[in-house]
Amino acid sequence: MESPAAHLPEHDSIGVLTRGIEVCSILAALALLAANLVRISAEGLLGHWWAPLVILAAAFGADFVSGLVHWTADTWFSETMPVLGRRFLRPFRVHHVNPEDFLRRDPIDCNADVAMLNIPILTAALLTPVMTEAGGALSLALAAFAAVSLPTNQVHQWAHMPVPPAPVGWLQRRGLILSIEEHARHHQEPYVANYCIATGWCNRWLSSVNFFPACERLVSWISGVEPRADEKVFQDQW
Ligand SMILES: [Zn+2]
Ligand SMILES: [Zn+2]
C-alpha cells in the first residue's frame, strides 16, 4: 500500500464562492487602476519633475512590502488559526514543501489575493486630492505602488516556470522582474533569503544588512515566539 508520506500537500481546490470573490477582486482592482490612470493623465501628474522619482520609489516600496508580507506569512502565525490560516497562510506552507504545485494555479486564483489587498490602496489614491503638488505626488505614489504590486504573484509564478513566456524571460534576464535564479535562493535551506517577489530589486540590499534576521530577533525578543515554528510542524507532516 502506498504511504501517505509519498504525497505532497497541494493548494486547496477553489469553490464557487471563492472563485466569485476572486473574479470580483481582480475586476475591481483593474477598474480602480484604470480610473487612477485616467485621473493621472487628466491632471497632468506625469509632467512634474518629481514624477519619475515618485514612481521609482513606489516600485521599490512595492517590492519591499512584498518581502515584508511574504516574510510575515512564512515566519509567524499558524496555518491552523481560524479563517486566515487555511485561506492565506496554508498556501505559503504548501509552497515551500511542494513549489511545483504553484504552477497548477490558474491566473485568476494566482492573482486575486494581491488584487484584493490593493483595492483599498487604489481607492485611497483616487480619493487623495491633487490640488497641491504634495497631494498629486501622494496619489501618484499610491497608484504606482499598486500598479507594481498587482502582478506580484504572477511574477512569482513566472519565476517558477522552467520556460517562462519569451517576453517574461527577457524581463527576468534584465533584472526588471524577479528572476528564476534569484527566487530559487528563497527555496533553498534554511529558506530565509530573498523574500521580495514583486521585482526582486530589494533582495540584495536587504540581505546585505541582514534585515529579516534582525527583524526576527526583534519579534522573538518581544513575543517569545520562535520563527518558523509552525512551518517546522507542517513540514514534519510530509
Ligand atoms: Zn516563502
Ligand atoms: Zn516561490
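1. Histidine 156 has 5% relative accessibility, so it counts as buried (buried is under 20% relative accessible area, exposed over 50%, partly exposed in between, with a 1.4 Å probe and protein chains only). This is a predicted model, in which local features need pLDDT of at least 70, side-chain atom pairs count only at pLDDT 80 or more, and totals for chains, interfaces and linings use all residues. Residues are numbered from 1 along each chain as its sequence is written, chains are lettered from A and ligands numbered from 1 in the order in which they are written, and side-chain values use heavy atoms, with hydrogens and water left out.

2. Donors are N, O and S atoms within 2.8 Å of the metal (3.2 Å for Na, K and Ca); water is not among the atoms, so sites may look incomplete. Helices (H or I, at least four residues) and strands (E, at least two) are DSSP runs, numbered from the N terminus. Histidine 183 is buried too, at 1% relative accessibility.

3. The zinc ion (ligand 1) has His70 (NE2), Asp74 (OD), His96 (NE2) and His186 (NE2) as donors, at 2.1 Å. Along the chain they are spaced H-x3-D-x21-H-x89-H. What is the geometry of the site of the zinc ion (ligand 1)? It is irregular, with angles of 90 to 171 degrees among the 4 donor atoms. Four donors count as tetrahedral if all angles lie between 85 and 135 degrees; four count as square planar and six as octahedral if opposite donors are over 155 degrees apart and all others between 65 and 115; anything else is irregular. The two zinc ions, ligand 1 and ligand 2, are 6.0 Å apart. Histidine 70 in helix H2 (residues 51-75) and histidine 96 in helix H3 link distant parts of the chain, 26 residues apart. Both histidine 70 and histidine 96 are buried.

4. The structure has 12 salt bridges (a side-chain nitrogen of Lys or Arg within 4 Å of a carboxyl oxygen of Asp or Glu). One of them joins arginine 90 and aspartate 12, at 3.3 Å from N to O. Arginine 90 is in helix H3 and aspartate 12 in the segment before H1, 78 residues apart. Arginine 90 is buried at 10% relative accessibility. Aspartate 12 is partly exposed at 28%.

5. Aspartate 113 pairs with arginine 87 in a salt bridge, with the closest N and O atoms 2.9 Å apart. Aspartate 113 lies in helix H4 (residues 107-127) and arginine 87 in helix H3, 26 residues apart. Aspartate 113 counts as buried at 17% relative accessibility, whereas arginine 87 is partly exposed at 23%.

6. Glutamate 226 and lysine 232 form a salt bridge, with closest N and O atoms 3.0 Å apart. Glutamate 226 is partly exposed at 47% relative accessibility. Lysine 232 is partly exposed at 40%. Elsewhere, shared partners join the salt bridges of Arg19, Glu22, Arg87, Asp106 and Asp113 into one network.

7. Leu17, Ile21, Val83, Leu84, Phe88 and Met116 make up a nonpolar surface patch, with about 580 Å² of accessible area together. Patches are made of residues with over 30% relative accessible area and no salt bridge: like charges are joined within 9 Å, nonpolar side chains (Val, Leu, Ile, Met, Phe, Trp, Tyr) within 5 Å. Accessible areas come from the Shrake-Rupley method with a 1.4 Å probe; for residues, only the protein chains shown count as cover. Helix H1 (16-42) and helix H3 (84-97) each supply at least two residues of the patch. Isoleucine 21 is in helix H1 and is partly exposed, at 42% relative accessibility.
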